[in-house]
Amino acid sequence: MSKLLVVFGATGQQGASVITQVLEDAELSKQYTIRGLTRDSSSSKSQSLVSKGVEMVQCDADSPSSLQAALSGAHTVFVMTVTMYVPGGIEKETVQGKAIADEVVKSGAKFLIYSSLPSPKAVSGGKYPVDSFDNKKLVQDYISSLPIDSAFFWPGTFMQNFHTGMAPRPGPDGNLVFWGFVTPETVFPLIDIAADTGKYVATILAAPEQYRGKSLACATRTYTMTEVAEIMARSTGKPVTYKQIPKDVFGGFLGEESRETLLNMLSYFEEFGYYGKDTAALVRDMASAARGKLTEFEEYLTRESLKA
């Protein structure tokens, strides 16, 4: 008898990737049936998943009764929460993550996979608190204390960010530039979050005992800012430069609500590494275990071209 996999955020980048991977995996598609949770089960994205055999359920993640119904009969649950850079947003996400975990346990599910992150505050000895990372690790630690087997998906920097806040823009000479205050040699582990989340989660689903209690550093590989600029240049056919500017100048471009968090986050990456001092090795080891070919940044830009 197949096991029920419940996926939070089913129409978002991470959840949809998990569902697609399981549906297309010859082994996992026989082991698991899928229930996707969404805020709007009538949306076109929801209906597209229904057409593929996914049970789509409308769920309010802040409602215990809604969660109880959505989790009924679950064997394995993939949980992700959304960080909100608004007053009280971080605290709300933490409360929500813990409440969801409690309901997963109450449902009788056997395994919980949580989309988490390392804690810069802990790794840096308190030097760089980064609320949007630290709160997910708080929820992870809470989950680890509960009577349920669990594993933790730690995604790297999203390749998609280079279409938004990290996107290159025309400089004074008309050539493309993207700015930061970290050195050009600072390393970022990059992941195509929409295409590759499922390849890592599928690795856990295929061997849950092997990954029980583990945190998985998930990225295709590490890239310096210089490499990113070179890849962007090849993709666009135009010169692209990474320009290092003073930290206070960079901070002036950021919104007040997220400024301190983002400055601490980037300082932490530069000084300690995204996953700590062993970032490159952790990424390399997990990439070799992923269930499917991972997306290189250049491949991603071929599929999702930059506006140049």
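Here is a friendly walk through some strands, helices, cysteines and a pocket of this structure.

1. Ground rules. This is a predicted model, so local features need pLDDT of at least 70 and side-chain atom pairs count only at pLDDT 80 or more, while totals for chains, interfaces and linings use all residues. Residues are numbered from 1 along each chain as its sequence is written, and side-chain values use heavy atoms, with hydrogens and water left out.

2. Helices (H or I, at least four residues) and strands (E, at least two) are DSSP runs, numbered from the N terminus. Five of the five residues of β5 (residues 111-115) are buried, so this strand is largely enclosed by the rest of the structure. Here buried means under 20% relative accessible area, exposed means over 50%, and partly exposed lies in between (1.4 Å probe, protein chains only). The cover reaches both faces of β5: F111, I113 and S115 are buried on one side, and L112 and Y114 on the other.

3. The partners of β5. Two strands pair if DSSP finds at least two bridges between them. Strand β4 (residues 76-79) runs parallel to β5 and is joined to it by four bridges, with V77 opposite L112. Strand β6 (residues 149-155) also pairs with β5 in the parallel sense, over five bridges. In that pairing, I113 stands opposite A151 of β6.

4. Two β-α-β units. β4, α5 and β5 make a right-handed β-α-β unit. A crossover is right-handed if, with the strands pointing away from the viewer, the path from the first strand over the helix to the second runs clockwise. Another right-handed unit is made by β2, helix α3 (residues 44-50) and β3. Its strands, β2 (residues 32-38) and β3 (residues 55-58), run parallel and are joined by four bridges. For a spot to look at, find T38, which stands opposite Q58 in β3.

5. An open sheet with β10. Three strands form this sheet in the order β7-β10-β12, with mixed pairing. Its edge strands are β7 (157-158) and β12 (221-224), each of which pairs on one side only. β10 (residues 187-191) and β12 run antiparallel, joined by four bridges. Within this pair, F188 faces Y223 of β12 as its opposite residue.

6. An open sheet with β9. Here three strands follow the order β8-β9-β13, and the pairing is mixed. β8 (169-170) and β13 (240-244) stand at the edges with a single partner strand each, so one side of each has no neighbour in the sheet. Two bridges join β8 to β9 (residues 176-180), and these strands run antiparallel. The bridge partner of R169 in β9 is V177.

7. The second largest pocket. What is its volume? The value is about 240 Å³. On a 1 Å grid over the protein atoms alone, a pocket is an open set of points where a 1.4 Å probe fits, with protein on both sides within 12 Å along at least five of seven lines; lining residues have an atom within 4 Å of a point. Grid points are joined across faces, edges and corners, and the volume is the space filled by probe spheres set on the points.

8. What lines that pocket. There are 16 lining residues, and I90, D131, E257, E260 and T261 are the closest to the pocket centre. α5 (89-107) and α12 (256-272) each supply at least two residues of the lining, and α12 gives the most, with five. By class, the lining has seven nonpolar, four polar and five charged residues. In this scheme Ala, Val, Leu, Ile, Met, Phe, Trp, Tyr, Cys and Pro count as nonpolar, Asp, Glu, Lys and Arg as charged, and the others, Gly among them, as polar.

9. Cysteines. How many disulfides does the structure hold? The count is zero, where a disulfide would be a pair of cysteine sulfur atoms within 2.5 Å. C59 is buried, at a relative accessible area of 10%. C218 is buried too, at 0%, and lies in strand β11 (residues 215-218). C218 and S116 are 102 residues apart in sequence, with a C-alpha to C-alpha distance of 11 Å.

10. E209. Is this residue buried or exposed? E209 counts as exposed, with 53% relative accessibility. The residue is found in helix α9 (residues 208-211). E209 and D149 are 60 residues apart along the chain, and their C-alpha atoms are separated by 8.7 Å.
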